[in-house]
Amino acid sequence: MTCCFPFLFGKRIKSSVIRDPDIDEEFSGIQNVILYTYNELRVATDDFSPANKIGEGGFGSVYKARLKDGKMAAVKVLAAESRQGVKEFLTEINVISEIEHENLVKLYGCCVEGNHRILVYNYLENNSLAQTLLGGGYSNIHFNWQTRTRICIGIARGLAFLHEELRPHIAHRDIKASNILLDKDLTPKISDFGLAKLIPANVTHVSTRVAGTMGIILLACAEIKQNYRLFCWGKGYLAPEYAIRGQLTRKADIYSFGVLLVEIVTGRCNTNARLPAGEQYLIERTWTLYEQGELARLVDVSLNGEFDAEEACKFLKIGLLCTQDVPKFRPSMSSVVKMLTGEMDVDDSKITNPGLISDFMDLKVGVKPKSNVDMKILSSYNASSASDNQDTTMTSAASTAATTTFTAQYCSP
Ligand SMILES: Nc1ncnc2c1ncn2[C@@H]1O[C@H](COP(=O)(O)OP(=O)(O)OP(=O)(O)O)[C@@H](O)[C@H]1O
């Protein structure tokens, strides 16, 4: 196996030790990343043993590891399909390594040996919100109201930091319950910056491919000459403008945060096909109950009534503010933090209708779906940079890699 940077292994990267000018350039400005050898990580994970596997995401498998210095780590082995070239990979590392905040997962280092692309993160003891709070009762953790408020505020602070304090700003692009990890004190940490891209401060949005778990994929199949469109609805965190047009702004993250906020208060996933129609989509349900003045009914019953009803309804209203259909109506994350902590009032009159799948299906397609089909969509576009800026990025069935299950609605054009 060829080693890209043999002279760097086991060392903290210092650009001063690098001799190759290209590599020197790649590493310039990277000071705090440790480069691990593949062998070191193999030993740390007991040869990537299934017993140490703690998760599987769209971009690869995650293993629990004990590093040489005794520290626990989460080792994310990027799947072959999502392996980037050294340059892209290091660009990502460069971004991640400089980010430090109480509510963001810390990147310790990486491995870029031969074909391997591995990220090494701080290990978080209490798993993700998806596996605990929303995991269907398989966790021993009791999320009381106070813990939930702390988690909501922590996530909001982490995101506000990415959006507003970092220069250039960063949109996470994949805010969702499985990307919120909890440490031993249940402090939330936002993970998965693998998909984060820099947004230059003077750019209001970049139109780009949809990354990570897809909310919607619009596929036009060449064989049927675009006679059919396949709309796929996934886990529902994506803002409509991002899902449909690939328009990435911080406002799309704020939409996803709003969905997550409502999930935390209600203790349920944002989509649940087993519920009666009208209750399946959490944001739709929240909007209905808000209009009826009955928001408190949504609060997680497992709290046994032990919560501050006024505060819980306020959080749900903030969720609605964040998920408004019109991106510019959504508040900034720093305002969200202030509203959550009570430093700023929530103005009910500012709440307008949320961006909902049912609405834009009708709007964009103009016909009702013919049938529901469950299918495995191979997501993870490797769309060429040429198509990155086109609204039609998602119409290219394009290259597909990681498997994600979606419920698709097959429609006439
Ligand atoms: N730093 C970490 N500490 C502890 N567990 C982790 C850590 N990072 C990831 N995990 C576990 O691995 C799982 C998979 O994480 P990963 O970020 O690869 O995928 P995901 O967020 O579930 O999905 P996707 O790739 O679609 O975003 C997480 O849900 C979590 O349970």
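Start with α6, which passes α8 in a left-handed crossing. This is a predicted model, so keep that in mind as you look around. Helix α6 covers residues 250–266 and helix α8 covers residues 309–322; their axes come within 7 Å and cross at roughly 155°. Anything over 145 degrees counts as roughly antiparallel, and α6 and α8 are therefore roughly antiparallel to each other.

What does α6 bring to its meeting with α8? On the α6 side you'll find I254, Y255, F257, G258, L261, V262, V265 and T266, and they meet A312, F315, L316, I318, G319 and C322 in α8.

Now hop over to S191, which sits in the loop between β9 (188–190) and β10 (197–199). Is S191 buried or exposed? With a relative accessible area of 10%, S191 is buried. Leaving aside residues up to four places away in sequence, S191 touches V105, H172, S178, N179 and L181.

As for confidence, the chain averages a pLDDT of 74, and 66% of the residues score at least 70. Over residues 13–20 the pLDDT is below 50, and this stretch has 18 contacts in the model beyond near neighbours in sequence. Residues 196–234 also stay under 50, and there the model has 139 contacts beyond four places in sequence. For the complex, the predictor gives an ipTM of 0.96 and a pTM of 0.77.

Note on methods:
Residues numbered from 1 in each chain as written. Predicted model: local features only at pLDDT ≥ 70, side-chain atom pairs only at ≥ 80, totals over all residues. Heavy atoms only, no water. Axes fitted to C-alpha atoms, helices over the stretch in contact; angles between N-to-C directions. Helix = DSSP H or I, 4+ residues; strand = E, 2+ residues; numbered from the N terminus. Parallel < 35°, antiparallel > 145°, perpendicular 65-115°, else oblique. Left-handed = near helix turned anticlockwise from the far one by under 90°. Contact = heavy atoms within 4.5 Å. Buried < 20%, exposed > 50% of the residue type's maximum accessible area, 1.4 Å probe, protein only. pLDDT = per-residue confidence, 0-100.
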